Amino acid sequence: MKTISQTLICTVFASLLASASLAQTQSRGEVTDQEFVIRKDRVLTLPTQPRAFEKLPVLPQPKGISDFDYTFNRYSLQLKPVALDATPAQKVYRKDRRDLYPGYIKAGYGNFASPLLEARYMATEVDQFNYSVHLGHQSFGEGPIAGEQSKESHTQAGFDGSYFTDLIEIFGGLNWRQDGYSFYGVDSARFEDPDFLTADNVFSTFSVFGGIRDVEKVGPISYEAKIGFRTFQDSYLAAENEFSFRGKGKYRVNEDWSVNLGLSYFATTPENVDYQENRNYLAIRPSVSYRYEDFTFEAGVNIISENDSIEGKSNDFRIFPKLKAQYQFADEFGFFAEFSGDVHRQTYLNFVRENPFLGPNDRLLNTVNNYHVEAGIEGQFNEVFNYRGAINLDRFNQLHFFVNSSPDASRFDIVYDDKSTVVTVEGELGLKLSETYRLASNLKLYQYSLNQLEEAWHRPVWELGINNQLKPVDRLLIQANLNFMGGIRAPLTPVQEGVATPFTTLKTIADIQLMADFGITDRLSVFAQGNNLLNGNNIRWRNYPVRGVQLVGGLSFKF
């Protein structure tokens with residue numbers, strides 16, 4: 001056994017020597033066959049090494065942290081214990097809401113035999129169909145001259161309704177109005193005759209309209225179209241019917257650019273004792289608006305076509321530019337400017353509403369505004385104080401004025417000036433102190449340069465209005481308005497071209513109005529109002545003084 005072991009050891013040792021000898025004799029870099037054994041189940045492990053942590057830096061010690069010594073002194077107080085009475089809290093779980101009343105009625109009475117009545121009713125619930133009806137009446141059975149000989153009355157009623165869908169609103173309505181006046185502007189000596197009666201005139205107007213418009217006002221396209229019919233007549237033979245169509249559209253290209261288009265058409269047929277006319281008015285108003293930061297600019301044209309059967313009328317087709325610019329440096333200051341032209345449509349109804357003592361007229365002309373130049377400034381301070389000032393330069397053709405009629409001085413005629421230049425300086429001031437006090441005032445100064453007429457008959461040279469609203473307590477509202485007008489000149493004889501006309505300057509009109517409304521409850525209120533509190537002999541139209549101090553009081557109720 002021992003011999004066998006020795007033999008194996010000698011054999012292994014000889015093999016190792018042979019291998020070493022072969023390796024030494026093998027050429028360097030020679031490739032030989034090798035055998036590699038790959039074991040998948042072998043797991044390599046590394047010894048766990050401890051992690052090295054950096055030491056935290058030493059922060060500086062705040063100087064404010066140190067030891068403090070306090071001294072306590074004891075004081076003995078002889079106090080009785082506090083007695084607390086517990087009471088249950090009353091919690092209101094119902095949400096506060098504002099009551100809306102669909103109905104409202106107001107009734108009163110004053111001197112000059114003047115009853116007052118206002119009533120309206122409207123839908124307050126959110127629904128697809130909304131409507132409202134209204135009625136109003138105020139009359140003066142007695143006037144400034146000879147009692148009932150100078151009476152006046154006003155009555156109106158109407159209905160408005162709208163039907164809403166997801167995309168459009170269909171609206172319409174009708175209105176009726178009646179105004180009564182007396183031609184009391186005659187020689188006062190005639191009132192001494194017991195059989196003398198002034199002539200009365202009643203204007204009746206009825207209109208109906210309907211249309212459609214978009215509901216979403218912020219979309220890319222906005223539009224509105226409206227058609228209407230209106231009829232008017234007085235107590236004599238004057239009448240006027242009118243058919244109208246008005247439409248406007250707006251396309252917003254983006255936030256800065258928009259395209260606008262306005263279209264209006266009126267067909268009017270006035271008639272009186274000895275004439276009947278056909279008057280057509282068509283206006284097309286395209287424009288483009290651009291906004292860049294605080295700068296706003298609008299450019300467009302006004303295309304106007306008149307087709308009247310009135311003889312001697314000037315050109316019936318005109319094109320005017322329309323340019324507007326506005327730049328607001330800040331809320332406190334900004335400026336605006338405009339250069340444009342237009343044709344202002346005039347009807348017999350417009351004239352009698354401006355001067356209700358108008359007599360028969362067979363020459364109804366529109367006012368041509370050849371150019372309108374305006375520049376001004378405006379701004380506000382902290383939503384408390386606001387102002388606006390501007391100067392306007394206008395050139396007109398066929399500007400109308402009123403003069404007393406030669407056969408009957410109690411009635412007025414219309415006269416025109418072919419070329420008129422009017423310079424207007426205007427200013428506005430406003431003040432708002434929360435809900436307690438509000439002020440709104442405006443001043444206008446006029447300068448007229450006429451071609452055919454000597455004076456701007458029955459037109460004011462200056463106007464001033466100051467409106468105050470005061471709410472000292474929750475249920476009390478007080479309004480005080482001051483209106484002034486001066487420089488009105490009226491001819492004393494019939495106006496003839498080329499002949500000097502004597503005239504008189506009417507007294508300055510000063511009208512102070514005061515109104516107070518006090519709510520007794522949420523539904524019931526009392527009111528009082530007064531007009532012409534200075535008892536001024538105000539005359540807007542020659543020979544027609546107005547009423548003196550007028551007081552009206554009454555109640556109003558919501559239901």
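**Accessibility, contacts and strand pairing**

Q: Is Thr-124 buried, partly exposed or exposed?
A: In this predicted model, Thr-124 has a relative accessibility of 31%. Buried requires a value under 20% and exposed one over 50%. Because 31% falls in between, the class of Thr-124 is partly exposed.

Q: Where is Thr-124 found, and between which strands?
A: Thr-124 is part of a loop. The strands on either side of this loop are β2 (114-122) and β3 (129-140).

Q: Which residues does Thr-124 touch, not counting those up to four places away in sequence?
A: Contact here means heavy atoms within 4.5 Å. With residues up to four places away in sequence not counted, the residues that Thr-124 touches are Leu-100, Tyr-101 and Pro-102.

Q: How far apart in space are Thr-124 and Gly-103, C-alpha to C-alpha?
A: In sequence, Thr-124 and Gly-103 are 21 residues apart. In space, their C-alpha to C-alpha distance is 9.6 Å.

Q: Is His-458 buried or exposed?
A: His-458 lies in the loop between β19 (437-450) and β20 (462-470). Its relative accessibility is 2%. The cut-off for buried is under 20%, so His-458 counts as buried.

Q: Which backbone nitrogen does the side chain of His-458 reach?
A: Beyond four places in sequence, the contacts of His-458 include Phe-402, Trp-541 and Arg-542. A polar contact needs N or O atoms within 3.5 Å. At 3.3 Å, the side chain of His-458 reaches the backbone nitrogen of Arg-542.

Q: Which residue in β20 stands opposite Ser-441?
A: Strand β19 runs antiparallel to β18 (residues 420-433), with 14 bridges joining the two. On that side, Leu-429 stands opposite Ser-441. Strand β19 is also joined to β20, again antiparallel, by 9 bridges. There the residue opposite Ser-441 is Ile-466.

Q: Which residue in the hairpin of β18 and β19 takes a positive phi?
A: The hairpin has 3 residues between its strands. A positive phi near 50 degrees is taken by Ser-434.

Q: How many residues of the lining of the largest pocket are charged?
A: The largest pocket has a volume of about 1,200 Å³. Its lining has 49 residues, and those closest to the centre are Glu-152, Asp-511, Gln-513, Val-546 and Arg-547. By class, the lining divides into 20 nonpolar and 17 polar residues, and the number charged is 12.

Note on methods: Residues are numbered from 1 along each chain as its sequence is written. This is a predicted model: local features need pLDDT of at least 70, side-chain atom pairs count only at pLDDT 80 or more; totals for chains, interfaces and linings use all residues. Side-chain values use heavy atoms; hydrogens and water are left out. Helices (H or I, at least four residues) and strands (E, at least two) are DSSP runs, numbered from the N terminus. Buried means under 20% relative accessible area, exposed over 50%, partly exposed in between (1.4 Å probe, protein chains only). On a 1 Å grid over the protein atoms alone, a cavity is a set of points where a 1.4 Å probe fits but cannot get out, and a pocket is an open set with protein on both sides within 12 Å along at least five of seven lines; lining residues have an atom within 4 Å of a point. Grid points are joined across faces, edges and corners, and a volume is the space filled by probe spheres set on the points. Ala, Val, Leu, Ile, Met, Phe, Trp, Tyr, Cys and Pro count as nonpolar, Asp, Glu, Lys and Arg as charged, and the others, Gly among them, as polar. A polar contact is a pair of N or O atoms within 3.5 Å; within protein, one must be able to donate a hydrogen and the other to accept it, and residues adjacent in sequence count only if both atoms are side-chain atoms. Two strands pair if DSSP finds at least two bridges between them.
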